Amino acid sequence: QVPLVESGGGTAQAGGSLRLSCAASGRTFSSYNVGWFRQAPGKEREFVAAINWSGATTVYAETVRGRFTISRDNAKNTVYLQMNSLKPEDTAIYYCAVDRFLLRLPLQLSPEEYVYWGQGTQVTVSS
């Protein structure tokens, strides 16, 4: 297993920024792709961004492309989600998760392809 812990959520005003962190334990973390997902009240969990095991490849949802940046530091076993130009519609619980398989390409967008979910961190954007 790869236990994950998200942090960095909070409240921001529209146009503001937040940086989320996803810290993992386990020696094999650097061999797995990691995804960020979010779930707003009454809505299904949706894909936000993903990054491959080395950090060389990323993919973003259309709704966040150009505003959010995913990155990772394998030496720290941590993946980050930098969120800029926040909008009220970004309000949700944000989760990180590890790909079901190691060293997989292409990056997966479906939450069903990810395991070892963190507990989530709340992001609230006020207008």
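This is a short chat about a predicted model and some of its side-chain contacts.

Me: Start with disulfides. How many are there?
Reply: The count comes to one disulfide. Cys22 and Cys96 form it, with their sulfur atoms 2.1 Å apart.

Me: Right-handed or left-handed, and why?
Reply: Right-handed, because the torsion about the S-S bond of Cys22 and Cys96 is about 75°.

Me: Are those cysteines buried or exposed?
Reply: Cys22 is buried, and Cys96 is buried as well.

Me: Now the nonpolar core. How many residues has the largest one?
Reply: The largest nonpolar core has 35 residues. Trp36, Leu81, Met83 and Tyr94 have the most contacts inside it.

Me: Which strands supply at least two residues of this core?
Reply: Strand 3, strand 4 (32-39), strand 5 (46-51), strand 7 (68-73), strand 8 (78-83), strand 9 and strand 11 (121-126). As background, nonpolar side chains tend to be buried together in soluble globular proteins.

Me: Take Met83. What is in contact with it, leaving aside neighbours within four places in sequence?
Reply: Gly16, Ser17, Leu18, Leu20, Arg67, Phe68, Tyr94 and Val123. Tyr94 is also among the core residues with the most contacts.

Me: Switching to aromatics. How many pairs?
Reply: Four aromatic pairs. One of them is Phe37 with Trp117, which is tilted: 5.0 Å centre to centre, with 55° between the planes.

Me: Where are Phe37 and Trp117?
Reply: Phe37 is in strand 4, and Trp117 is in the loop between strand 10 and strand 11. They are 80 residues apart, so this pair links distant parts of the chain too.

Me: Phe37 first: buried or exposed, and why?
Reply: Phe37 counts as buried because its relative accessibility is 0%. Trp117 is partly exposed, with a relative accessible area of 27%.

Me: What about Tyr95 and Trp117?
Reply: They form an edge-to-face pair. The centres are 6.3 Å apart, and the angle between the planes is 80°. Tyr95 is in strand 9, 22 residues from Trp117. Tyr95 is buried, because its relative accessible area is 12%.

Me: Which rings make up the cluster?
Reply: Phe37, Phe47, Tyr95, Tyr114 and Trp117, linked by ring pairs.

Me: And which charged end sits over the ring of Trp117?
Reply: That of Arg45, 4.6 Å from the ring centre. Elsewhere, Arg72 lies over the face of Phe29, at 4.8 Å from the ring centre.

Me: Next, Asp99. Which strand is it in?
Reply: Strand 9 (residues 92-102).

Me: Buried or exposed, and why?
Reply: Asp99 is buried, because its relative accessible area is 0%.

Me: What does its side chain make a polar contact with?
Reply: The side chain of Arg104, at 2.8 Å. Beyond four places in sequence, Asp99 touches Tyr32, Asn33, Arg104, Gln108, Glu113, Tyr114 and Val115.

Me: Last one, Val115. What does it touch, not counting residues up to four places away?
Reply: Ala97, Val98, Asp99 and Arg100. Val115 itself lies in strand 10 (residues 114-115).

Me: How many Å apart are Val115 and Gln1?
Reply: 9.0 Å, C-alpha to C-alpha. In sequence, Val115 and Gln1 are 114 residues apart.

Note on methods. Residues are numbered from 1 along each chain as its sequence is written. This is a predicted model: local features need pLDDT of at least 70, side-chain atom pairs count only at pLDDT 80 or more; totals for chains, interfaces and linings use all residues. Side-chain values use heavy atoms; hydrogens and water are left out. Helices (H or I, at least four residues) and strands (E, at least two) are DSSP runs, numbered from the N terminus. Buried means under 20% relative accessible area, exposed over 50%, partly exposed in between (1.4 Å probe, protein chains only). A polar contact is a pair of N or O atoms within 3.5 Å; within protein, one must be able to donate a hydrogen and the other to accept it, and residues adjacent in sequence count only if both atoms are side-chain atoms. Contact means heavy atoms within 4.5 Å. A disulfide is a pair of cysteine sulfur atoms within 2.5 Å. A nonpolar core is a set of buried Ala, Val, Leu, Ile, Met, Phe, Trp, Tyr and Cys residues joined through side-chain atoms within 4.5 Å. Rings of Phe, Tyr and Trp (its six-membered ring) pair if their centres lie within 6.5 Å; planes under 30 degrees apart count as stacked, over 60 as edge-to-face and the rest as tilted. A charge sits over a ring if NZ of Lys or CZ of Arg is within 6 Å of the ring centre and within 35 degrees of the ring normal.
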